[in-house]
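Thanks, everyone. I'll take a few minutes to walk through one chain. Have the viewer open and follow along.

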Amino acid sequence: MELRLYPKFEEVFSDDTLEGIFYPLCTAVLPLGKQVHFVSHNGVWTADESSSDQNTSDYYRFKLIDNKYTFSGDISIYQGYEVVGQIHKILEVDFKTNEDHYFKAKLALDEYTDKVMTLLPEIDADFDLDTYIEFFYAYSLNKLVYQRTGQFAKYRQLIDGFAKADPSPYVYNQTDEDFDAALYQGDFDSSLDLTNYAPIGMTIGCEFFTDGNDCVLYYNESDDTVICFNAYS
């Protein structure tokens with residue numbers, strides 16, 4: 001299985017409906033060229049109830065069309081969905097414009113937050129802006145460091161002063177000690193029928209961000225759908 005870290009949003013999703021809510025983490029190229037994607041909404045809280053069986057606080061389901069995800073779930077479950085696209089775009093433009101500075105300065109989280117807060121409009125929505133900024137910064141800096149140096153999951157070492165860690169795999173699979181498919185299936189909605197779903201692997205939230213849900217991905221080849229479970233590590 002070939003893995004491609006940090007694919008572009010437009011390589012993963014068929015439209016921009018979920019831009020700012022979901023972060024592309026890794027693309028797995030399966031035999032015969034089929035591509036499935038590990039994605040995460042870490043940094044965006046979810047409501048407890050969903051009006052759709054396509055996404056809940058525990059999982060999300062996507063249809064694969066031309067190797068891209070299409071979404072037909074309940075977007076309102078993602079708190080701040082009304083404003084998150086606008087906030088994300090402002091943060092993204094600033095980070096791209098100033099990426100040389102962010103790469104060299106290694107700003108502490110509070111320094112980064114104070115800087116970008118001056119760029120953002122007042123938010124009149126149920127949206128945890130501080131948490132969103134924290135996860136955006138961790139994701140973006142980890143991605144930038146990887147793109148420039150090839151080193152993965154460096155945020156906590158660079159910003160939080162953690163000791164140097166052993167290299168981490170991007171995706172854990174069933175041959176890895178940390179991946180237990182039976183355990184993760186048991187943690188989620190028992191009404192889901194996973195008969196035709198094969199486990200692909202798992203990404204660890206704290207390696208792409210600093211905390212958050214792991215992403216456990218299953219693929220149904222017969223109808224080209226994926227289910228991704230949230231599992232807090």
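Let me start with contacts. Take the contacts in this chain with a separation of 6 or more: 60% of them are between residues 24 or more positions apart. One caution before going on: this is a predicted model.

Now the overall picture. The secondary structure comes to eight helices and eight strands. The radius of gyration is 17 Å, close to the 17 Å that the globule rule gives for 233 residues, so the chain is as compact as a globular protein of that length. Along its principal axes, the C-alpha trace spans about 50 × 40 × 30 Å. And 48% of the 233 residues are buried.

Next, the sheets. Start with the one made of five strands. In what order do the five strands lie? The order is β5-β4-β8-β7-β6, in an open sheet with antiparallel pairing. The edge strands are β5, residues 68-70, and β6; each pairs on one side only. From one strand to the next, the twist averages 30 degrees.

Look at β7, residues 213-220. Seven of its eight residues are buried, so call this strand mostly covered. On one side, β7 pairs with β6, residues 198-203, in the antiparallel sense over five bridges. A198 stands opposite Y219 in β7. P199 stands opposite Y218 in β7.

β7 also pairs with β8, residues 225-232. That pairing is antiparallel too, over eight bridges. N220 has T225 in β8 as its bridge partner. The hairpin of β7 and β8 has four residues between the strands. One of the residues to look at there is D224, which takes a positive phi near 55 degrees.

A reminder for anyone colouring side chains. In a regular strand, the side chains alternate between the two faces of the sheet.

Now the sheet of three strands. Its order is β1-β2-β3; it is open, and the pairing is antiparallel. The edge strands are β1, residues 2-5, and β3, residues 35-40, each pairing on one side only. On average, neighbouring strands of this sheet are turned by 20 degrees against each other, direction ignored.

Strand β2 covers residues 23-29. Six bridges join β2 to β3, and the two run antiparallel. As a landmark, P24 stands opposite V39 in β3.

What packs on this sheet? Helix α5, residues 129-149, does, touching β1 and β2. The direction of α5 makes about 45 degrees with that of β2.

Stay on α5 and find Y139, which sits in that helix. Is Y139 buried or exposed? Y139 is buried, with a relative accessible area of 6%. Leaving out residues up to four places away in sequence, Y139 touches Y6, Y23, P24, L25, F208 and F209. Y139 and F208 are 69 residues apart along the chain, yet their C-alpha atoms are separated by 5.9 Å.

Last topic: cysteines. How many disulfides are there? The count comes to zero. Take C206 as a case. The closest cysteine sulfur to that of C206 is in C215, 14 Å away, too far for a bond. The cut-off for a disulfide is sulfur atoms within 2.5 Å. C206 is partly exposed, with a relative accessible area of 22%. C228, in contrast, counts as buried, at 1% relative accessibility.

That's the tour. Questions, please.

Terms used:
Residues are numbered from 1 along each chain as its sequence is written. This is a predicted model: local features need pLDDT of at least 70, side-chain atom pairs count only at pLDDT 80 or more; totals for chains, interfaces and linings use all residues. Side-chain values use heavy atoms; hydrogens and water are left out. Two strands pair if DSSP finds at least two bridges between them. Axes are lines fitted to C-alpha atoms, for helices over the stretch in contact, and angles run from 0 to 180 degrees between N-to-C directions. Contact means heavy atoms within 4.5 Å. Buried means under 20% relative accessible area, exposed over 50%, partly exposed in between (1.4 Å probe, protein chains only). The radius of gyration is taken over C-alpha atoms; the globule rule is 2.2 Å times the number of residues to the power 0.38.
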